[in-house]
Amino acid sequence: KSRLIFTDIAAPDFEGHAAVGVSYEALMAEIHGRTAAGEVVTGVEVFRQLYGRVGLRYMVWVTRVPVLRQMFDAAYVLFARNRLRLTGRCPKGETCRIPTDRRVDAS
């Protein structure tokens, strides 16, 4: 229903980081979103906004309960730091680093 627009920040033609004033490294470090009003939100707040936008508000309220909010926010920080390894995008036994150069040399 055109309520959400997803953007692949790893796409070679992505230049949106300049438009929102957030570096590529910061975009890769944690999830970012931008509201219809242009406000940039990060972390679990992105999911709260997404779920609310698509009609899953019942999933949002639990993440706003004070003690649970802190737990969800902390759990997301841990996940964000380790997501490449946890999702199998980091070779086993190697240090998993977020790439800073999006451009792949085709030569």
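Analyst: Helices (H or I, at least four residues) and strands (E, at least two) are taken as DSSP runs and numbered from the N terminus. The model is a predicted one, in which local features need pLDDT of at least 70 and side-chain atom pairs count only at pLDDT 80 or more, whereas totals for chains, interfaces and linings use all residues. Residues are numbered from 1 along each chain as its sequence is written, and side-chain values use heavy atoms, with hydrogens and water left out.

User: Which pattern does the chain follow along the sequence?

Analyst: The chain contains 5 helices and 2 strands. Read in sequence order, these elements give the pattern α-α-β-β-α-α-α.

User: At which residue does helix α5 bend?

Analyst: The bend at a residue is the angle between two fitted axes, one for the seven residues ending there and one for the seven starting there. Helix α5 covers residues 66–86, and by this criterion its bend is about 45 degrees, located at alanine 80.

User: Which residues of α5 are buried, and what covers them?

Analyst: Buried here means under 20% relative accessible area, exposed means over 50%, and partly exposed lies in between, with a 1.4 Å probe and protein chains only. The buried residues of α5 are Tyr76, Ala80, Arg83 and Leu84. What covers them includes α2 (24–29) and α3 (44–53).

User: How are the rings of tyrosine 76 and phenylalanine 79 arranged as an aromatic pair?

Analyst: Rings of Phe, Tyr and Trp (its six-membered ring) pair if their centres lie within 6.5 Å, and planes under 30 degrees apart count as stacked, over 60 as edge-to-face and the rest as tilted. This rule gives a count of 2 aromatic pairs. In one of them, tyrosine 76 and phenylalanine 79 lie 6.4 Å apart centre to centre with 50 degrees between the planes, so the pair counts as tilted.

User: Is tyrosine 76 buried or exposed?

Analyst: Tyrosine 76 and phenylalanine 79 both lie in helix α5, 3 residues apart, or about one turn of the helix. Phenylalanine 79 has a relative accessible area of 37% and is therefore partly exposed. Tyrosine 76, because its relative accessibility is 11%, counts as buried.

User: Which residues does valine 20 touch, not counting residues up to four places away in sequence?

Analyst: Valine 20 is found in helix α1 (residues 16–20), and its relative accessibility of 26% makes it partly exposed. With contact taken as heavy atoms within 4.5 Å, and leaving aside residues up to four places away in sequence, valine 20 touches Arg34 and Val40.
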